[in-house]
Amino acid sequence: MVGTTVDEPTQIQSQATVIPPRLEVAEDRRGVAEDFDGLPSEISVRDLDFFYGKEQALFANTIEIKKNRVTAVIGPSGCGKSTHIRAYNRIFNLYRDQKARGEILFDGDNVLSSQIDLLDLRRRIGMIFQKPSPFPMTVFDNVAYGLRQHYRLNRADLSNRVEDALKRSAIWDEVKHKLNEPGNALSGGQQQRLCIARAIAAEPDVLLMDEPCSAIDPVATAKIEELILTLKSKYTIVLVTHNMQQAARVSDYTAFFFQGRIVEFGPTTKIFSNPAEKQTEEYITGRFG
Amino acid sequence: MSTVVDVRRVPPRRRSIARRKATDLVIKTFSWIGAWFGIAVMAFIVYEVVRRGAGALNVAFFTQATPQDVTSNAGGFANAIVGTLAITAVAALIAIPMGFLGGVYLAEFGRNGHLATAVRMIANVVMGVPSIIVGVFAFAIIVKPFQHYSGFAGSVALAFIMLPVMARTTEDILNLVPNELRESGLAMGAPRWKVTLGVICKAARGGLITGATLAIVRVAGETAPLLFTALSSPYWMTGLFGPGGFFGGPVANLTKTIYDFSGSPYPHWQQLAWGGALVIIIAVLGMNILVRLLFQRGKQW
């Protein structure tokens, strides 16, 4: 069984004592109080360059993704936020003309090395996409997909883990009677939480979220934001968002990207209240982007 | 910027409403005529074949072999129906798996590579090759070396026609599956082949089955490729091997038999040919309509 099984959605709520008031950065956000350098890093990115064919999209990105924290990646459209996190799980390898150069250290190994076991890397670094993308199968089989791929489980264990993942994704109550219905029969917001359940079922260490709320309505967005805050006790989360309020609400650290470079990276409270760079300030205050 | 652009307000263009309505009417009328012309031709063919062929469809038609005695009114097309089913089924067994895999290669792996581009172009060319030439090709590679006609040679000819159709259809349908689904599958740590078969092809299954069925329907009515290969026979197919077998000799089939019988001077034989034509039309139309009804939802991607 999974380490901490949460049975009731109310318990999930109670765990999330750090839910900040909306639309402003919580004062007690751990990012400020803590010693950044003292926190363990889950992923260390050093001098990451990225190319679409001959066109360079990322320039010398260097960033530390802290363990069990939410790191938000913000910036105007086309600044390279998605490109940046798509390098972490090497999903860009699907496209022949895309190349990454530099170091992405994860658990001591360079993710960009040809020696890396891509399948295990992707189990350990899960990804949620902008558009909810349930597989063309039942709700149950969607969540079981990664479990079946990466673990040998008997039937009872499999269904326990599926249930657990759905509970931890705060969607169990909505789908417990629909486990054998097709995943794409759910609403958009439910589909997105189903995709989160599918990713966390495989027991990853990191969750990459690429604008997970941009295709769903505000109520569903609120649910996913709450979910992110509960999930960070167990996972390291990197959240790409073009919604600055969202970054302020859920993240501990924020990286501001502009034209393929990381302009500023630091505690979310500092980025949103007292940015060091002029470009960051102009973006935060809505003067451009 | 030194050039000054003139952006003064100009009055919007005024059109005569009567003229606009007239233009609209003319376009609508021509479209309507075009659409109904196609439907009318189709309806006329079906009507005429039903009118002349319905009378031939009786128990004997579906149970007896083609007649050899011109004076009797006995005989049917059963041997030809069986032969066509066998030839088409074997063609499908050869071409559908190969075409499917080829299409998967084009859509998922080859994409814009040199090999895929070449294969795609060749497939397009082969689709345009006249079917009689495909028949001659099958004659050269199967009939000539084995020194006899055979149902199998007919299947090879039909498979050769189906192969590019199946490959291109598969490619087109897989291309409709959004890339997010590919990425989601790979992001779960599943290998590429598993994502392709278990997620991508599953998402496209309705379209793939429709495509395969339409590829079969496409060749079921072919005559020319069979002229040099399966030829025709007044007898039942007698198993697989030997002079009367699928691999061993000429095999009766609907299209070639219709061709022979429609040209005969005997009214009963001509009647049988109309019956054969009706059977093919019903089968082809029926399959078309059936898959479209069953798998309309398959086009959701």
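View 1. A:D210 stands opposite A:V240 in β8(A). The model is predicted: local features need pLDDT of at least 70 and side-chain atom pairs count only at pLDDT 80 or more, while totals for chains, interfaces and linings use all residues. Residues are numbered from 1 along each chain as its sequence is written, and chains are lettered from A and ligands numbered from 1 in the order in which they are written. Strand β7 (residues 206-210) of chain A is joined by five bridges to strand β8 (residues 236-240) of chain A, and the two run parallel. Two strands pair if DSSP finds at least two bridges between them; strands (E, at least two residues) and helices (H or I, at least four) are DSSP runs numbered from the N terminus. The open sheet has six strands in the order β6-β7-β8-β3-β9-β10 (chain A), with mixed pairing. At the edges are β6 (125-128) and β10 (261-267) of chain A; each has a single partner strand, so one side of each lacks a neighbour in the sheet. On average, neighbouring strands of this sheet are turned by 15° against each other, direction ignored.

**View 2. Helix α8 of chain A on the sheet.** Helix α8 (residues 188-201) of chain A packs on the sheet and touches β6 and β7 of chain A. The direction of α8(A) makes about 175° with that of β6(A). Angles run from 0 to 180 degrees between N-to-C directions, and axes are lines fitted to C-alpha atoms, for helices over the stretch in contact. Two residues are in contact if their C-beta atoms, placed from the backbone, lie within 7 Å.

**View 3. Buried residues of helix α5 of chain A.** Helix α5 (residues 139-150) of chain A has buried residues including A:V139, A:N142, A:Y145 and A:H150. The buried residues of α5(A) pack against α4 (118-124), α6 (155-168), α7 (172-175) and α8 of chain A. A residue is buried if 20 or more other C-beta atoms lie within 10 Å of its own, exposed if 12 or fewer, and partly exposed in between.

**View 4. Surroundings of A:R90.** A:R90 lies in the loop between α3 (81-88) and β4 (98-106) of chain A. With 20 other C-beta atoms within 10 Å, A:R90 is buried. Neighbours within four places in sequence aside, A:R90 is in contact with A:V111, A:L118 and A:L121.

**View 5. Helices α7 and α8 of chain B.** The axes of α7(B) and α8(B) are 9 Å apart, and the helices pack at an angle of about 140°. α7(B) and α8(B) are therefore oblique to each other (under 35 degrees is roughly parallel, over 145 roughly antiparallel, 65 to 115 roughly perpendicular, and the rest oblique). B:L181, B:R182, B:G185 and B:L186 in α7(B) meet B:R192, B:V195, B:V199, B:I200 and B:A203 in α8(B). The residues of this contact are six nonpolar, one polar and two charged. Ala, Val, Leu, Ile, Met, Phe, Trp, Tyr, Cys and Pro count as nonpolar, Asp, Glu, Lys and Arg as charged, and the others, Gly among them, as polar.

**View 6. Contact between chains A and B.** In chain B, 15 residues are in contact with 21 residues of chain A. α7(B) gives the most to the side of chain B that touches chain A, with eight residues. The residues of that side divide into eight nonpolar, three polar and four charged.
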